[in-house]
Structures are given as C-alpha cells and as structure tokens.
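Student: Hi! Could you walk me through this model?
Tutor: Happy to, let's look at it together.

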Amino acid sequence: MKKNNEVELFGLCLVLGIGTVVAGGDGVQVLGYGLSTLGASMLGFSLINNANPYNNLFRALKLEINDRVPKFLERKETNYGYCLTFRLLAGMSTDDFEKKKLAIEQHLNRKIEITYNNWRIFIKVYEKQLEELIPYEFSKCKGILEFNIGKVLGDKTLNLDLEKAVHLLIAGETGSGKSTLVRSIITNIVLSRRKVSLHLIDLKNGAEFNLFRKSNIVKTFSRNIDEAEVVLENLIEEVNKRYDLFFENDVVDIREYNKLKNIKKLDYQICIIDEFADLQNEKGSISSVEVLAAKARACGVHLIISTQRPDSKILNGRIKANIPCVIGLKTMNSLNSRIIIDEDGLEKLRGRGHGLLRYGNLTEFQSMFLEVVKARELIKHTYIEKEIKREVKEEIGKLDNLDFIKDLGVDIDDSN
Ligand SMILES: Nc1ncnc2c1ncn2[C@@H]1O[C@H](COP(=O)(O)OP(=O)(O)OP(=O)(O)O)[C@@H](O)[C@H]1O
C-alpha cells in the first residue's frame, strides 16, 4: 500500500502533542512544537525532510522505486542560484535523472546541472541564463596548452587543456561562431607566451588567419592545398622523429623528454586548419590529417580543426575516434548534431558562439567574442618581435664563428 509520510507525521503530531500543519504548493509542511518535535525526533523522523516539495514532481516523472522517491536533504543558496540535494534510492542512478533533465528544467523554468557523489544527487539550479555576449579577455592558464574558451552557466570560465585533450574539432553551421572561437583560441596561444609554434592552414585564401600571419609564433602559413600538403607531411615526419628520440632516450612523452639534461628541448606545435573538409578532394590530405590525429598523441604535436560541413564522410570514424574533444556549435538539425557530438542538442543552440563541449561530459558554454580589429590590436606587438628576430638571425648568419652566441645560450636553430 502507498505510504504518505506527511499524513503519518501529521498523525504522530496529533498523538504526541501540539502540531501545526501548513499546506501549500507542492506538498504539506508540518511544523511541530514541544512534545511533537521531541516525539518525532525520538522516533528518528526529520520534520524538515518529510516536507519534500519535489515528491510530486518525482512521482510524475516516475523517478520512484516501490512508491518511494529520492529523499530531499537540503536546499543551499549559491552564487549561481541554488543547489538541491537528494538521497539516491538503491536501484536508481544518475542516468535516471539525466533522462528527465529537460522535464525538471521545464518544471523549474531554469537550467540545471546534475551531479552525483556518495549516494547524493545534487541538482544545481541556475537562476541566471548563460550570457549572450562575453567580451574577450585574456587570462593566463596553468597548463602549457591550456586556454580559456568562454563561460559556462554560473558565470564560471571554461578552460580547455589541449595537452590533455590532444586534438580539438570545432564544428557548426555557417554563422555559428567558428571563426570567432578559433580567433580567440589563437589569440590566447599567442598572448600566453609559451614555447609553442603554430602552423596555420587557411584555405579561404588566408582571409581568416591573415591577422596572425606575422605573429612571432607562426611557423608556417598555408593558403592552398599544395602548401598545406607539405606542412602536414613535414609534421608527420616530425612526429616520427620525436618518437624515435623518445625511444632512444627511454622516455614516453614530450614532458619527460624535455626534463632530460643536455638535450635541445622540443617545442609544442599546433596545426590549426580552417575548414578541413576543403582538404578532402585533394588526394592524400584528409588522410594526412587522419594519420596525424592518430599518431600525434604524446609528442607535443596537436591539431585544431574546424568544419562547417557535418558530413559523416568527413567526420568519419577514424577522425572521431582520434579526436574525442569536440566543440559543437549550432547546426541546422538534430541529424547534423548527432554527426558532431553523437547526440541531439546543437540544433537547439542560438548560434553566435553558443556551444556544447563534448569532452567526456557535455558542457554548455558561450564563447568569448573577439573581433578581428581587437585581436590585431592585442597581438600586434608580436609582429615586431618576429621582425626583430628575423633581423637578428640575418646578422648572425653573416658571422663566421657562432660559438660565442651558443655560449650566451641563444638558440640559433629556432626558426620561429
Ligand atoms: N562568441 C560570440 N559572441 C557574440 N557574437 C558572436 C560570437 N561568435 C560569433 N558571433 C557573431 O556571429 C556571427 C558569425 O560568427 P563567425 O563568423 O565567427 O561564424 P562562422 O561559424 O565562422 O561563420 P562562417 O562559417 O560563415 O565564417 C558574427 O556576426 C559574429 O559577430
């Protein structure tokens, strides 16, 4: 028979002393005094916990087992809204809640996030919506290849560590905000001043990446397929050389290698391809990207590729298996969303930098807004640095004896 805790408790209050019953909204709250409180607590009842305002919701959503629903433990006010804590029932999992996420959001009329820890389900309820315009701001992150890509609900910044993720795929329809996002990522890398080299492949005649061309960390800049081919082949060769070096030196990755004494440290290299589907028709290039994605894992060579064509031939199994970190921006329909992030959702985004990051979990975020003019302003000092470096190298090239430069610790092989 179905049990009703509120009725039971009400009866208990009547038996044990004076009780006040307050009825309202989603449930019945019982406030007991004197003997009733004492009696109830002696019998192990928590009066507050019985006033579960979410009982009806859980029952309606069939989040129940044998007529019992997850026990409401507390509501805590937070800077993003509030957090509700429930005790999970045996036989129930976080997945059961995730499946009902949309219904809970619509009931509360708020975005939520569901997490789990030690038999407790936490539902974070966001009072504020995700901002639609987040102006670009550079923030230095801990990791060598870690950068801020935007903000998540609750106004927290979202960082992505490319060293851990290895490669990144960005996909979304035209106007979804790909170029703006890639621009802010490259600007972050340039401003972070880490020992990183960039290879930019921009088959739209160089229009998207042109502003970075003269930057000091840009090693190669390709505007057509032939140039791109050469860069990709050189990178595959570089990856092979690096693995040979690791093998000879008994190390497993670039981090370990760079800690060795008396070696020339390896730099991190990132190849960024705007509209990588354009490489498809030319024999070899797509497979070079696939080979690179598969091979370059721990050797400091990384890929960031973007496409506006969610085509399963382009985003094929090999690419997806080797690039598990994906940023999905707005798509036309749910089919395209499934090709990109393996589930629906991207078709519901509003565009203009509103995205879902698939890296294990799915995280909704808004990317930072950075216009070309502002990006140029922020990085233009690096053009001058590149020019000075080039002039210094030319001067060095005129010298016969370079030993004194080596003694000064200047890296004359560095082609940056
Ligand atoms: N993070 C953002 N915040 C606010 N507006 C944005 C953001 N990102 C992009 N937009 C706006 O959305 C529009 C499209 O942006 P963008 O050119 O980056 O998209 P795209 O996906 O690269 O499109 P295309 O493939 O046609 O170049 C622009 O008007 C831009 O100002």
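Tutor: First, a term: a residue is buried if 20 or more other C-beta atoms lie within 10 Å of its own, exposed if 12 or fewer, and partly exposed in between, with C-beta atoms placed from the backbone. By that count, 33% of the 416 residues in the protein chain are buried. This is a predicted model, where local features need pLDDT of at least 70, side-chain atom pairs count only at pLDDT 80 or more, and totals for chains, interfaces and linings use all residues. Residues are numbered from 1 along each chain as its sequence is written.

Student: How many helices and strands does the protein chain have?
Tutor: There are 16 helices and 17 strands. Both are DSSP runs numbered from the N terminus: helices are H or I with at least four residues, strands are E with at least two.

Student: Which residues come nearest the ligand?
Tutor: Thr-174, Gly-177, Ser-179, Thr-180 and Gly-353, out of 15 residues around the ligand. Being near means that the C-beta atom, placed from the backbone, lies within 6 Å.

Student: And which helix and strand supply at least two residues each of that shell?
Tutor: Helix H8 (178-192) and strand E17 (361-369).

Student: Is H8 mostly covered or mostly open?
Tutor: Mostly covered, with 13 of its 15 residues buried. Just past H8, Arg-193 has a positive phi of about 60°.

Student: New topic: in what order do the strands of the open sheet run?
Tutor: The order is E3-E4-E6-E5, 4 strands with antiparallel pairing. Two strands pair if DSSP finds at least two bridges between them.

Student: Why is one side of E3 and of E5 left without a neighbour in the sheet?
Tutor: Strands E3 (71-77) and E5 (111-117) stand at the edges with a single partner strand each, so one side of each has no neighbour there. As for E4 (residues 81-87) and E6 (residues 120-126), they pair over 7 bridges, and Phe-86 has Ile-121 in E6 as its bridge partner.

Student: Last one: why does Leu-198 count as buried?
Tutor: Because Leu-198 has 23 C-beta neighbours inside 10 Å. Leu-198 sits in strand E11 (residues 196-202). Leaving aside neighbours within four places in sequence, its contacts include Ile-189, Ile-217 and Ile-270, where contact means C-beta atoms, placed from the backbone, within 7 Å.

Technical notes:
Two residues are in contact if their C-beta atoms, placed from the backbone, lie within 7 Å.
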